[in-house]
2 protein chains.
Amino acid sequence: MNAGVDGQGAKGRGGRSTIVDVADRAGVSKSTVSLVLSGSSLVAEATRERVTEAMSELGYIYHRGAATLRGARSGVIGMVINDLSNPFFVEMAIGIEQACQVGEYIPFIANSVENPARQLQVVRSMREHGAAGLVLSPAIGTSVAELKPLLSGMPVVQVMRRLPGLKTSIVAPENKDGARRATAQLIASGHGRVAFVGGFQSMVVRQDRFAGYRLALDEAEIAFDESLVFETMTNYAGGAAVVPQLLSHHAPATAALCFNDVVAIGLIRALGAAGVAVGSDFGVIGFDDIEEAQHTLPALSSVAVNGRALGTKAVQLLMRQLASGDFEPETILCPTTLVIRASCGTAASATAKSEARSEE
Amino acid sequence: MNAGVDGQGAKGRGGRSTIVDVADRAGVSKSTVSLVLSGSSLVAEATRERVTEAMSELGYIYHRGAATLRGARSGVIGMVINDLSNPFFVEMAIGIEQACQVGEYIPFIANSVENPARQLQVVRSMREHGAAGLVLSPAIGTSVAELKPLLSGMPVVQVMRRLPGLKTSIVAPENKDGARRATAQLIASGHGRVAFVGGFQSMVVRQDRFAGYRLALDEAEIAFDESLVFETMTNYAGGAAVVPQLLSHHAPATAALCFNDVVAIGLIRALGAAGVAVGSDFGVIGFDDIEEAQHTLPALSSVAVNGRALGTKAVQLLMRQLASGDFEPETILCPTTLVIRASCGTAASATAKSEARSEE
DNA sequence: GCGAATTTTTGGAACGATCCAAATTGGGTG
DNA sequence: CACCCAATTTGGATCGTTCCAAAAATTCGC
């Protein structure tokens, strides 16, 4: 039925073999091969076998690009992460990747490095490549006006962070509640002056965590003291940088809730270096519960966010929307767990709780 | 020239707008638009502007899938990493991603989780999606026979690891030389009995590092002692697990070269817990120099591999091959740097060296 | 053994880009 | 003004798939 002067099909031409080559080999039409590919029940069992065999003989490889041209799903999801050198976001990326695999999707990855311009580029590039949807952990300083047109008509899930003006689905931890519980824990351990360390006011996530901190203070009827709030970079150095001010305060804090674990670890090390015994003299709780939190000395108490689960949930939501065709924004808040270890002072309860968690 | 009854072009139909819609709007033919897209110098400046404007008015998005059908480069590179929960490989992934960006490529990512079956799946999937090349850090236990046919006709760079029977380009650190220098350093500090800890004999990378260890012993005319070699998992637990045997040895080692930093850190912690003062009683050197190495107590000396550079070099090699069309395998070995910190005993020199490095 | 009903199979005509050969335009020149 | 040459522009065929309407093969009832 098809030209095919040489018995080899397209193979002689150098490229990959096509559906037509397979058809020739199996002695059927390309339409039948297409039906086999799509797993249709229309095709007779014997024919299906003949076609399948021809495929493996020719080393046929499906050309998804051609298929998408006719409207088939591309099977590609874009994943734009703001900072892959932060272990928390790596965990999230792993969760995303994992969930994509089970859903037969394949993820494009891009690291925006907190650079909005680059983020714009990569999102555009992902669209060009036919990504069906996007999981986005937006870079700080993103211009919604520039980004929005690139996202039209495609389901997007913002994960962990969210941009104020951008109406998409959101998967995020219960930051406020987590921070509230952590702060309450410090207060319950007898700390009357609890500092809040790390991040900047412009960060939405910090606003949430800070709100939880305030709430816990209110609930304990402790007056909020502005001078116990420290804005810093959200890395080791940021945590360490706070120590001099923290210690020279006229009425020093005896505990701190940190914006994230990296800040908390920086703080712990610098406090240790300054001769403050974290865990007894001073209580510290971090946020995220990255793996390293278990290995610091003293081990770091933290509000566990489970980045992997967050990533997984984001992809699952995205896949659900892709399957249904209904891209109506949806918000999923993931509960957090307060993991008590030695750093917050009640060393006694540390072992038990931490063991329990590792069973998960 | 084209149907287009409604002024809106394809927009009314729901989908994205096409090259023909742009052509209609700009009052030219689709061929001209195609020329503009490819940046051809044939098209007159005024026309180019008109077309560009029409594109942005319509929110036109280039459909790469359609283009590849006619033979255009796909602009996609696959990146298959064996274990993303290992910070070293994350560094490598970051390097790969970064290099792809500058080369206008976009990387598919897959985490094989050291699972050969999954690796097979994802490689197949990447081919289907038209990946032009592959950066592969192969999973342990990969069957070359199964993998090879999936790779035919496509340039592949194995990075960090290499599969014995698979002839592709390779980018790897100078493992043997690094291990030799590290071992020599321990010997020079007066350690006569140096253990080798971590990994399994089947791992090619370990074979290389082990060879370097043996070489240093030979050069120092120290007899090799089989009982000082410990095979373990390459994670924290693996490092820790070795300690009982290490300490109960009839003639215990006083230093250890570890397969990688994660093993070394596990070892240091467990030794610390057992009351051995690492840095004075016992010398430890790791491999990779992950960020955490700077933060352990004592800080970990390590053979720095620079995973990021490794990833970058791999992609650059791949892009070079893609550009030239010459897929002849090539091997690039990257030199390592021995970074001395407190863990190997010569605490005096630690500060200076480590400062110097952080300037990079 | 024949038409009807059912099950399988099959030719195109798309999809959105590229690319080539051919057509059109616009100057110069003699 | 006719002609040539260079600079631009343009139809149409093509890439590898899907999908539809219709054809072909098979089974069935009587």
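1. Let's start with two helices in chain A. α2(A) and α3(A) are roughly perpendicular to each other, a label used for angles of 65 to 115 degrees (under 35 is roughly parallel, over 145 roughly antiparallel, and the rest oblique). Helix α2 covers residues 30-37 and helix α3 residues 45-58; they pack at about 90°, with their axes 10 Å apart. The axes are lines fitted to C-alpha atoms over the stretch in contact, and angles run from 0 to 180 degrees between N-to-C directions. Helices here are DSSP runs (H or I, at least four residues), strands are E runs of at least two, and both are numbered from the N terminus.

2. A word on the ground rules. This is a predicted model, where local features need pLDDT of at least 70 and side-chain atom pairs count only at pLDDT 80 or more, while totals for chains, interfaces and linings use all residues. Residues are numbered from 1 along each chain, chains are lettered from A, and side-chain values use heavy atoms, without hydrogens and water.

3. Which residues meet where α2(A) and α3(A) pack? From α2(A) come T32(A), V33(A), V36(A) and L37(A), and from α3(A) come T47(A), R48(A), V51(A), T52(A) and M55(A); contact means heavy atoms within 4.5 Å.

4. Leaving out residues up to four places away in sequence, L134(B) touches V80(B), M126(B), L151(B) and L318(B), among others.

5. K167(A) is the other one. You'll find K167(A) in the loop between β4 (156-159) and β5 (169-173) of chain A, and with 66% relative accessibility K167(A) counts as exposed.

6. Finally, look at where the chains meet: 40 residues of chain B are in contact with 41 residues of chain A. About 3500 Å² is buried between them, and carbon and sulfur atoms give 60% of that; buried area is the accessible area (1.4 Å probe) that two parts lose on being put together, summed over both. I106(B), I109(B) and E128(B) supply 17% of the area that chain B buries against chain A, more than any other three residues.

Methods: Buried means under 20% relative accessible area, exposed over 50%, partly exposed in between (1.4 Å probe, protein chains only).
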